[in-house]
Each structure stands twice: as structure tokens, then as C-alpha cells.
Amino acid sequence: MNEMVAVTWTDAYFSWEEQEPVEDYPITTVGFVVQRGSRFLHLAAERMPSGWRAVTSIPLVLIENEYTLGRTP
């Protein structure tokens with residue numbers, strides 16, 4: 001089974017128009033949990049017969065909230 005989650009985390013963001021970093025840039029990523037490592041949570045947008053596609057690696061220290069949405073067979 002594959003767990004599906006929604007994760008809210010703070011991403012690094014830079015605006016070329018403003019020429020400075022934006023301090024808080026909250027992102028919510030929804031996807032399948034590919035791997036929970038010691039430093040990163042890896043989420044995929046798609047599961048294909050050949051593997052995962054569109055994987056986002058989120059540093060654990062930047063995660064604000066994580067919600068389990070369900071499991072797929």
C-alpha cells in the first residue's frame with residue numbers, strides 16, 4: 001500500500017523583481033510517500049508501472065504540518 005499525504009512546508013523562494021529572498025513561502029505538497037529518510041521526505045505526484053514520477057524531496061526540518069489523506073492498494 002502507498003500512503004498519500006499533504007505536507008505544508010517552508011520553501012526557499014527568491015523574487016527577481018524584488019531582488020531579495022522572501023522570508024516565509026509556505027508550500028503544500030500532496031503526493032505518495034516514496035521514502036521517509038533521516039533528512040528528507042520524498043513525495044511523488046504519480047505512480048507508474050515503471051516507478052515514481054515527479055518526486056519532490058522535502059527537508060524534514062522545513063515541514064510544518066503533515067496530514068495523512070489515505071492509502072492506495
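**Rings, core and surface of a predicted model**

Tryptophan 52 is partly exposed, because its relative accessible area is 32% and buried means under 20%, exposed over 50%, and partly exposed in between (1.4 Å probe, protein chains only). This is a predicted model, where local features need pLDDT of at least 70, side-chain atom pairs count only at pLDDT 80 or more, and totals for chains, interfaces and linings use all residues. Residues are numbered from 1 along each chain as its sequence is written, and side-chain values use heavy atoms, without hydrogens and water.

The whole structure holds one aromatic pair. The ring centres of phenylalanine 32 and tryptophan 52 are 5.6 Å apart and the planes are at 45°, so the pair is tilted. Rings of Phe, Tyr and Trp (its six-membered ring) pair if their centres lie within 6.5 Å; planes under 30 degrees apart are stacked, over 60 edge-to-face, and the rest tilted. Phenylalanine 32 lies in strand β4 (residues 26–36) and tryptophan 52 in strand β6 (residues 51–59), 20 residues apart. Strands are DSSP runs (E, at least two residues), numbered from the N terminus. Phenylalanine 32 is buried, at 12% relative accessible area.

The largest nonpolar core has seven residues: Val5, Val7, Trp9, Val33, Leu41, Leu43 and Ile58. Such a core is a set of buried Ala, Val, Leu, Ile, Met, Phe, Trp, Tyr and Cys residues joined through side-chain atoms within 4.5 Å. Strands β1 (2–10) and β5 (40–48) each give two or more residues to this core, and β1 gives the largest share, three residues.

Tyrosine 67, in strand β7 (residues 63–72), is partly exposed at 47% relative accessibility.

Terms used: Helices (H or I, at least four residues) and strands (E, at least two) are DSSP runs, numbered from the N terminus.
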